[in-house]
Amino acid sequence: MTTTNNTVDNEDIHWDQDLSYGQYLELERLLSCQQTASTEHDELLFIVIHQVSELWIKLCLHEAHGAAQHIEADNLSPAFKMLSRVARIQEQLIKAWEVLVTMTPADYASFRDSLGQSSGFQSYQYREIEFLLGNKNARMIEAHRERPRDYQKLQDALAAPSIYDVTLRLLARRGFDIPAEKTARDWREPYTPCPEVEAAWTDVYRHSKQHWDLYELAEKLVDVEFNFQRWRFNHMKTVERIIGYRRGTGGTAGVNYLVKALDLQFFPELWSVRTTI
């Protein structure tokens, strides 16, 4: 034990450097961002959970955009790694709710009025990841109109093909019978299921050895949607546990709004094909 301690003590640790750990991560600025609006103990927990979640969503966007670009280029191996990383990040987002549920209804009520009209519904990053995955809804952008940079970024995300759209274009390039209206359409409109697309995925699943990379891509996408639904469910149950069926701070219907979101699907044929096969 003494030898171990001496070894640690004698390590050639550099304390004075041009770039330290704290400087590289900008910790001083990062750790000064948790400004509470009340003196209540649990408000810091509320802020940290949401800030950490926004950081994870930022990384999700980085990886998912990268995956979409590789799928568009028919370069699937890097896309698999990126989509796997998205799924792992989503696990962290899901786990965050387990920390937040340690807050009781009385804890939250003690500082809720300090939040004003702020709401997770107003997260532009969350809206961007939904658009990228395919849940297109132009009305959702209006909450960001007063912030021109965010508003324009969401306009661009709305008008761009989703990760599922670029996947269907890949299927078409591989020779599958994907209707033209699914590969060249107004990307601002929500995707609607198509029998020909389901037939293509049926072929991929039934002949997975022949179409192994497409089969693997399909399962990576299913992982992402599966975890997204788990996140939505845990979000709904967390809200139900803390505020019951009261309206949300941003004016949404709270739990009732979140329950409706559970019915939304990003990649519908990747779910319906399971019944077909």
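Visitor: A disulfide is a pair of cysteine sulfur atoms within 2.5 Å. How many disulfides does the structure hold?

Guide: This is a predicted model, and the criterion is applied to its cysteine sulfur atoms. Under that criterion, the number of disulfides in the structure is zero.

Visitor: Is Cys60 buried or exposed?

Guide: A residue counts as buried when its relative accessible area is under 20%. Cys60 has 5% relative accessibility, so the class that applies to Cys60 is buried.

Visitor: Which class of accessibility does Cys33 fall into?

Guide: The class between the buried limit of 20% and the exposed limit of 50% is the one to consider. Because its relative accessibility is 40%, Cys33 counts as partly exposed.

Visitor: Which helix supplies the largest share of the lining of the largest cavity?

Guide: A search of the whole structure finds one cavity of 30 Å³ or more, and the volume of the largest cavity is about 150 Å³. Its lining includes Cys60, Tyr126, Asn227 and Trp231. At least two lining residues come from each of α4 (43-72), α5 (76-100), α7 (124-133) and α12 (212-243). The largest share, four residues, is supplied by α12.

Visitor: How many of the eleven residues of helix α9 are buried?

Guide: The buried residues of α9 include Ile163, Asp165 and Leu171. Helix α9 (residues 163-173) is largely enclosed by the rest of the structure, because its buried residues number eight.

Key. Residues numbered from 1 in each chain as written. Predicted model: local features only at pLDDT ≥ 70, side-chain atom pairs only at ≥ 80, totals over all residues. Heavy atoms only, no water. 1 Å grid on protein atoms, 1.4 Å probe; cavity = no way out; pocket = protein on both sides within 12 Å on 5 of 7 lines; lining within 4 Å. Points joined across faces, edges and corners; volume = space filled by probe spheres on them. Buried < 20%, exposed > 50% of the residue type's maximum accessible area, 1.4 Å probe, protein only.
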